[in-house]
Amino acid sequence: MAMANASIIKDVARFSRRPNLVDYHAVCAAFDWRKARALLDGLPGGRGLNIAHEAVDRHAQGRLAGRVALRWIGKAGERREFSYRDLAAETSRFANALTGLGVGPGDRIFTLLGRVPELYIAVLGTLKTKAVAAPLFSAFGPEPVATRMQLGEARVLVTTEALYRRKVAALRDRLPTLRHVILIDGGEKLPGTVRWHELMDAAGADFTIPATAPEDMALLHITSGTTGRPKGAIHVHEAVVTHHVTGLYALDLHDDDIFWCTADPGWVTGTSYGIIAPLTHGISNLVVEAEFDAQTWYSILAAERVSVWYTAPTAIRMMMKLGADAVRGYELGALRFMASVGEPLNPEGVLWGIEAFGRPFHDNWWQTETGGIMIANYAALPVKPGSMGLPLPGIEAAIVQRRPDGSVAVVEEPMVEGELALKAGWPSMMRGYLHEEERYRKCFVGPWYLTGDLAKRDAEGYFWFVGRADDVIKSSGHLIGPFEVESALMEHPAVAEAGVIGKPDPMAGEIVKAFVALKPGYTASEPLRKELLGHARKRLGAAVAPKEIDFRANLPKTRSGKIMRRLLKARELGLPEGDLSSLESDEK
Ligand code: AMP
């Protein structure tokens, strides 16, 4: 990486808008989370802090009532707009509808929807009632959907008729806690479901948010681990303080911005920044239902006059493939700030931003557990292409190494690799993994939350991503647990063992690759490979299923019988095999 330490220096005097964060060190020194909290209103009458009040109701009651809160562009180009006043009314209707169903504080309301307005209304309406919103990615197959709803003890599911039929109906007996399925569309009434429109039509548009403690659970984001089931990261209403402050500093949101976060709310970015942060700033939030298509995206950026754009490396790489010339001809004068998250952004991607859009992509880093952006390249500060940037004001980040006694040592020396750690205590830090106290506790050593990412810090304090410390896979920005994929493969009668790795890919960052050993009586063949690919896709959905499957006679295992994914990966990539002392049986 030749340009690794070169910076893109900016001249703040020439900015069209003065960035919110100019003197980084002064703001960090003066920062205090209590003062940050004062940027929000709190519930009237000192009744606490509720995300939906900060995002919707407080604007609907003030000078921004008529401003566009959500501008939705459907797959066929159709549009719907909701002012803050409209959004307050719709979310109150949904809150009343839920209350009418007997649903209340702490109950988990899952959504399995594409990016349609009902998703946004359901999440915010849920938060009004103090129930817990858990958005699922609509491209998940039946297996991940059922596992996540079981884990989260789903009480209500909001979905479409087609998704319900394809992904939920057959597995409903695995979901004993699920009382209500609300279908936003559909023809004939399916047994065990209620209709969105009937509920909403019967519900009133006034709802008073009950007193909400900042520590009340608000969101459940289900994320993947290396072993076992996925994990349900618990977030509370106080997280909104981080959402708001990071919107201010990391995304440089200004009062009149038109903001577009391309992430799906089924992943944490699409909730924290696709719903909450922009609305807390009272700006117009663009929601685009269609999946990525470069030309469509450029026309949307131009036609909607998007000023702040938050996207991801896989999309940037796909745009790069088409070349900067494809951007010419679009009038993108409104575009002021571009950011990227979710996976490493190659230095070339940052620089391509300048070539194509006249400004760099600003990489930033965070994860489901942190609830909000923790490390970022800022509008006013030099950008170092390939670096994730500097910690947010209020966030202390360090590189640590584990000592044999279980404690950690903070690495002071620059550019030494270690695990990225954050000093616990910011408002959007997860408060636990649902029903998994031990798994949660293991994330902390002393004051440090250990992120599971390996990184380095340079002499100026910029962080550089190195890789994951565990086996989870990042494919097109989606975190995928190898265990979940292995389990789905093992359900096929031909499969004796499966080991799953992330294989580097120029577009997706990594793709899911599986190695499979067959049961006696089965022979490796092309038709069987296709059958297994199809089986996994049906169970898991396209975003999670393996793209490649190789057959092996045996898989390498440790003495305790665990498949050594690291070794499979090293062999696949022709890398050194490393320490093999725990290897018990091998593929050869
Ligand atoms: P998720 O919890 O699904 O948001 O995934 C979080 C993980 O994505 C992090 O722990 C990193 O491994 C990876 N990640 C997120 N942002 C970045 C980034 N800017 N650079 C490199 N990796 C990233």
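Helices (H or I, at least four residues) and strands (E, at least two) are DSSP runs, numbered from the N terminus. By that count, β14 gives the most to the shell around the ligand, with three residues. This is a predicted model, so to speak for its limits: local features need pLDDT of at least 70, side-chain atom pairs count only at pLDDT 80 or more, and totals for chains, interfaces and linings use all residues. Residues are numbered from 1 along each chain as its sequence is written, and side-chain values use heavy atoms, with hydrogens and water left out.

**Around the ligand**

- The ligand has 17 residues around it, and the closest are D363, N364, Q367, T368 and R468; a residue is near a molecule if one of its heavy atoms lies within 4 Å of it.
- Two strands, β14 (361-365) and β23 (463-468), each supply at least two residues of that shell.
- Sorted by class, the shell holds eight nonpolar, four polar and five charged residues. Here Ala, Val, Leu, Ile, Met, Phe, Trp, Tyr, Cys and Pro count as nonpolar, Asp, Glu, Lys and Arg as charged, and the others, Gly among them, as polar.

**Polar contacts and burial**

- T368 puts a polar side-chain atom 2.5 Å from an oxygen atom of the ligand; a polar contact is a pair of N or O atoms within 3.5 Å.
- D453 also has a polar side-chain atom by a ligand oxygen, at 2.9 Å.
- On its own the ligand exposes 500 Å², and the protein buries 96% of that (areas by the Shrake-Rupley method with a 1.4 Å probe).

**Helix pairs**

- Helix α3 (residues 51-60) and helix α4 (residues 84-100) have axes that come within 8 Å and cross at roughly 120°; axes are lines fitted to C-alpha atoms over the stretch in contact, with angles from 0 to 180 degrees between N-to-C directions.
- That angle makes α3 oblique to α4, given that under 35 degrees counts as roughly parallel, over 145 as roughly antiparallel, 65 to 115 as roughly perpendicular and the rest as oblique.
- For helix α15 (residues 482-490) and helix α16 (residues 526-540), the axes come within 9 Å and cross at roughly 120°, so α15 is oblique to α16.

Methods: A polar contact is a pair of N or O atoms within 3.5 Å; within protein, one must be able to donate a hydrogen and the other to accept it, and residues adjacent in sequence count only if both atoms are side-chain atoms.
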